[in-house]
Amino acid sequence: MKRRLALGALLACACAGAWAHRFHAGITDISFNRNTGSIEVVHTYMAHDIEALLANLYQRQFDLSDPQDEAVLRKYIDKQFYLLGADRARLPLRWVGVSTSVESVVIYQEVEKTALAVAVRAHDEVLSDFLPDQVNTVNINHAGAIATLTFDRHKKELDLP
């Protein structure tokens, strides 16, 4: 009986590990910083997904603390995420930096000296070109009122509220 319980517990742990990363999601927060007069964009992705993407694209391991490897990630993010103005032109998103942990990759960008109202549309295709079930949530903070948009493989570009 003890052997069956131990085997059952072992199988339950193995199954939990297999299900631990069965979803793929990213979160982006967009807000206006009154102190700098800039739109701030903060993306958070699962580290495992970013590592898998970069390894798949370049067939090597990446160290995002290395400026050259960070530049590769930057190029990808710049291609896959952008904000559009009323004229449908891309706003100049400036790369501020990246921080990493075992669990996540956090990317910081900004549109300098630009009011949030100038951004009228967002394009978010980060990881959805690589992971078919990737879902990206974008939260837009308008002076404390949060609006949320959801992007996936089929919804790549949406109007900002």
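At 19% relative accessibility, Asn139 counts as buried (buried is under 20% relative accessible area, exposed over 50%, partly exposed in between, with a 1.4 Å probe and protein chains only). The model is predicted, so local features need pLDDT of at least 70 and side-chain atom pairs count only at pLDDT 80 or more, while totals for chains, interfaces and linings use all residues. Residues are numbered from 1 along each chain as its sequence is written, and side-chain values use heavy atoms, with hydrogens and water left out.

Asn139 lies in strand E7 (residues 134–142). Helices (H or I, at least four residues) and strands (E, at least two) are DSSP runs, numbered from the N terminus. The Asn139 side chain makes a polar contact with the side chain of Thr148, at 2.8 Å. A polar contact is a pair of N or O atoms within 3.5 Å; within protein, one must be able to donate a hydrogen and the other to accept it, and residues adjacent in sequence count only if both atoms are side-chain atoms. Not counting residues up to four places away in sequence, Asn139 touches Ile27, Thr28, Asp29, Ile30, Ile146, Ala147 and Thr148 (contact means heavy atoms within 4.5 Å).

Eight bridges join strand E1 (residues 24–33) to E7, and the two run parallel. Two strands pair if DSSP finds at least two bridges between them. Ala25 has Val135 of E7 as its bridge partner. Strand E8 (residues 145–151) is joined to E7 by seven bridges and runs antiparallel to it. Here Val138 stands opposite Leu149 of E8. The hairpin of E7 and E8 has two residues between the strands, and Ala143 takes a positive phi near 50°.

A three-stranded open sheet has the order E3-E6-E9, with antiparallel pairing. Strand E3 (81–84) and strand E9 (157–159) stand at the edges with a single partner strand each, so one side of each is left without a neighbour in the sheet. The twist averages 15° from one strand to the next. Axes are lines fitted to C-alpha atoms, for helices over the stretch in contact, and angles run from 0 to 180 degrees between N-to-C directions. Four bridges join E3 to E6. Among the residues involved, Tyr82 has His123 of E6 as its bridge partner. Helix H3 packs on the sheet and touches E3 and E6; its direction makes about 40° with that of E3.

The axes of helix H2 (residues 47–58) and helix H3 (residues 67–80) come within 12 Å and cross at roughly 95°. H2 is therefore roughly perpendicular to H3 (under 35 degrees counts as roughly parallel, over 145 as roughly antiparallel, 65 to 115 as roughly perpendicular and the rest as oblique). H2 contributes Ile50, Leu53, Leu54, Leu57 and Tyr58 to the contact, and H3 contributes Val72, Leu73 and Tyr76. These residues divide into eight nonpolar, no polar and no charged. Ala, Val, Leu, Ile, Met, Phe, Trp, Tyr, Cys and Pro count as nonpolar, Asp, Glu, Lys and Arg as charged, and the others, Gly among them, as polar.

Gln109 is found in strand E5. Gln109 counts as buried, at 2% relative accessibility. Its side chain makes polar contacts with the side chains of His43 (2.7 Å) and Asp78 (3.5 Å).
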